[in-house]
Amino acid sequence: MILAIETSCDETSVAIVEHHNILSNVLYSQIKHHQKHGGVVPELASRLHAEKIDVILKQALDDAKVELSDISHIAVTVGPGLEGALLVGITAANMLSNTLNIPLVPVNHLHGHIYAAKQNAPLAFPALVCLASGGHTMIVYMQENLSFEIIANTMDDACGECFDKVARMLGLGYPGGPKIEQLAKNGAPIIKFPHPVKKQSSAFSFSGLKT
């Protein structure tokens, strides 16, 4: 039974998982605190994680109807992410691991994005993965389980980052993706956007589109 902690950006989350079954998954979103700034403020994110981590942890245990003594492993996001935010989760995970004398499992959260797809369908190998998150846009080749080869990556901004920055320029607020999408559905294609890195298939680029 694994207790997993995630604090890589603007969401504090704790989940309890047993044999691939999610017993609980509690999440606190900081979006309302960052909206007035037009994006995530790292120092504010770290402080809010520190304020909420104990409450979220207790709620996850209560929802799963388990005790800390039932936990066999502690998993925690160690990167990529905001350094101060990550530190809150890592500190909590280390404390729990040492106190309970159980193994600590460091997790790359991009691997977490990929394996989360197993909740909807089995992963068959070899596999080609399109990973598009707030800070990352890449194509990953997986020859086998836990084997990752980056086939294409962004040269500058990630697509999610581009959405948020453009939304801020237009005064649409944060997060920008949903609001731009809604406006686009009712808009007309009057601007001919450039097609970046036409001759290079192994890279993405979004900074030109943003500009």
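Let me start with a term: patches are made of residues with over 30% relative accessible area and no salt bridge, with like charges joined within 9 Å and nonpolar side chains (Val, Leu, Ile, Met, Phe, Trp, Tyr) within 5 Å. A salt bridge is a side-chain nitrogen of Lys or Arg within 4 Å of a carboxyl oxygen of Asp or Glu. Accessible areas come from Shrake-Rupley with a 1.4 Å probe, and for residues only the protein chains shown count as cover.

This is a predicted model: local features need pLDDT of at least 70, side-chain atom pairs count only at pLDDT 80 or more, and totals for chains, interfaces and linings use all residues. Residues are numbered from 1 along each chain as its sequence is written, and side-chain values use heavy atoms, with hydrogens and water left out.

Confidence next. pLDDT is the predictor's confidence in each residue, from 0 to 100. The chain mean is 91, and 99% of its residues reach 70 or more. Confidence is lowest in α7, at a mean of 84, and highest in β1, at 98. Helices (H or I, at least four residues) and strands (E, at least two) are DSSP runs, numbered from the N terminus.

Now the patch. Ile-190, Ile-191 and Phe-193 make a nonpolar surface patch of about 390 Å². Phe-193 sits in the loop between α6 (176-186) and β9 (203-204). Is Phe-193 buried or exposed? Exposed, because its relative accessible area is 54%; the cut-offs are under 20% for buried, over 50% for exposed, and partly exposed in between.

Phe-204 is in strand β9. Phe-204 is partly exposed, at 25%. Contact means heavy atoms within 4.5 Å. Beyond neighbours within four places in sequence, Phe-204 contacts residues including Met-138, Met-155 and Val-197.

On to the inside. A nonpolar core is a set of buried Ala, Val, Leu, Ile, Met, Phe, Trp, Tyr and Cys residues joined through side-chain atoms within 4.5 Å. The largest one has 21 residues, and Leu-3, Ile-5, Val-14, Ile-16 and Ile-74 have the most contacts inside it. The largest share of this core, six residues, comes from α2. Apart from it lies another core, of nine residues, including Ile-114 and Leu-131.

Last, helix α5, residues 159-169. Cys-159, Gly-160, Cys-162, Asp-164 and Ala-167 are buried there. Their cover includes β6 (127-132), β7 (137-142), α6 and α7 (207-210). After α5 comes Gly-171, with a positive phi near 70°.

Conventions
Buried means under 20% relative accessible area, exposed over 50%, partly exposed in between (1.4 Å probe, protein chains only).
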